[in-house]
Amino acid sequence: MQQKSDVMDKIVSLCKRRGFIFQSSEIYGGLGSVWDYGPLGVEIKKNVKEGWWRSNVYERDDIEGLDAAILMHPQVWMASGHVSSFEDTLVDCKNCKKRFKAEQVFGKMCPECGGELTEARQFNLMLKTHLGPIEEAGSLSYLRPETAQGIFVNFQNVVNSMRRKVPFGIAQIGKAFRNEITTGNLTFRSREFEQMEIEFFVKPGTDEEWYRKWVDERFGWYVRFGMREENLRKRQHEQNELAHYAKACTDIEYKFPFGWSELEGIANRTDFDLMQHMNLSTKDLQYFDDESKEKYVPYVIEPSGGIDRSVLAFLTDSYREEEVKGDKRVVLGLHKRLAPVKIAVLPLLRNRPEIVSLAKSITGDLKSSYKAMYDDTASIGRLYRRQDEIGTPYCITVDVDSLTDKKVTVRDRDSMKQDRIAVDQIKEYMVDKFK
Ligand code: ATP
């Protein structure tokens, strides 16, 4: 366990030191469980989203994209059941004022300070806000606790505007907010986070087959992006664990340093949400099947993943320490598509203007296609280590010989193998490497 929590400490420190993740409002002491993504964090996060969007929206022909607003009509949350059941049972410590989930506290004493605890109370996880100039009950609104509802309320709009036929899905990436109580483990459970969700609409009766397909598809996605299969598992929910809307649910769990925990949930939401919205809005949300001439409310299979948890899992999974010729090197062996910087161009001598200028011009050329950077702030050995630590797949070194033979050295992050490549061939070489 000691060793495992060490890994977490190392990830936390790497994230801060190298600009992946910072605590929100740090100069004011920080805001609990809210995180900012730094210059490298924003890149890996963007790459995870891009990878997900490409796999689901572009490479399939049965999914459309959507970007619904965070604020929604308050009745949406009545219909979805979040107003009445999106709750945790909590106890407060009368002494230190800390708040705990009732299920985590044994006995009547505070686990932190031994103080007396209050009776358990229901606590809604939705963050409230008010729209308009006056803060009164009628202006009450919520920051969405899941992106899914934006999809359900637009179901008819997408069917009609895109002439879609069931089975088909709608994919969305966006922020969600929950006033979480159990916090810690970096971004794993944040109060503001991002979800990548698909609501896949199917004919009732075909739902169980689609559910199984989606569990396999989503598991395979993480593996295709380089996550080690032995660190992933599927866990099917017991009946008594299921959310109020679900007929079945499987979590894809990752073996984080703090234990197996949910990365993504795939739920069979049945026709619960569309039915609820149909009843409360009194709008007909049934689908008319041209072929069978039937009218029905589709069932929904929902793969719902968290981007922040994925980023954390990809970082943890790819972190390794190695010994190279007596020296320690830290490497993020990230999948090339996820790496925040793809190529670093490094001059061997920074006081030789011709070398610097060639290195800068190579960087400039690569920038139109890749996130490439130039760095001359240390010796070559240190520059390599710095790039390894952030997962840069290729480093290009410009040396004195480059000026005459017009060739540069390309170093592979993982094998550390070096290739000598003609400057005018680099782009082609990289196209092949990033295929
Ligand atoms: P948990 O049981 O861990 O709180 P959940 O079952 O409530 O998660 P869902 O409602 O199924 O989560 O949300 C779908 C996905 O959204 C989760 O698999 C997770 O990746 C992500 N997610 C949910 N809550 C958070 C959070 N507070 N911080 C970061 N990601 C989250």
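Which residue in strand 20 does Val 345 stand opposite?

Analyst: Val 345 stands opposite Tyr 374 in strand 20. Before going further, please keep in mind that this is a predicted model, in which local features need pLDDT of at least 70 and side-chain atom pairs count only at pLDDT 80 or more, while totals for chains, interfaces and linings use all residues. Residues are numbered from 1 along each chain as its sequence is written. Strands are DSSP runs of E with at least two residues, and they are numbered from the N terminus. Strand 19, which covers residues 343-347, is joined to strand 20 by three bridges, and the two run parallel; two strands count as paired if DSSP finds at least two bridges between them. In general, strands of a sheet pair through backbone hydrogen bonds, either parallel or antiparallel.

This pair belongs to an open sheet of five strands, whose order is 20-19-21-22-23 and whose pairing is mixed. At its edges lie strand 20 (372-374) and strand 23 (418-422), each of which pairs on one side only. On average, neighbouring strands of this sheet are turned by 25° against each other, direction ignored, where the axes are lines fitted to C-alpha atoms and angles run from 0 to 180 degrees between N-to-C directions.

For a contrast elsewhere in the chain, Gly 184 has its place in the loop between strand 9 (168-177) and strand 10. Gly 184 counts as exposed because it has 10 C-beta neighbours inside 10 Å, and the cut-off for exposed is 12 or fewer other C-beta atoms within 10 Å of a residue's own, with C-beta atoms placed from the backbone.

Technical notes. Helix = DSSP H or I, 4+ residues; strand = E, 2+ residues; numbered from the N terminus. Buried ≥ 20, exposed ≤ 12 C-beta atoms within 10 Å, placed from the backbone.
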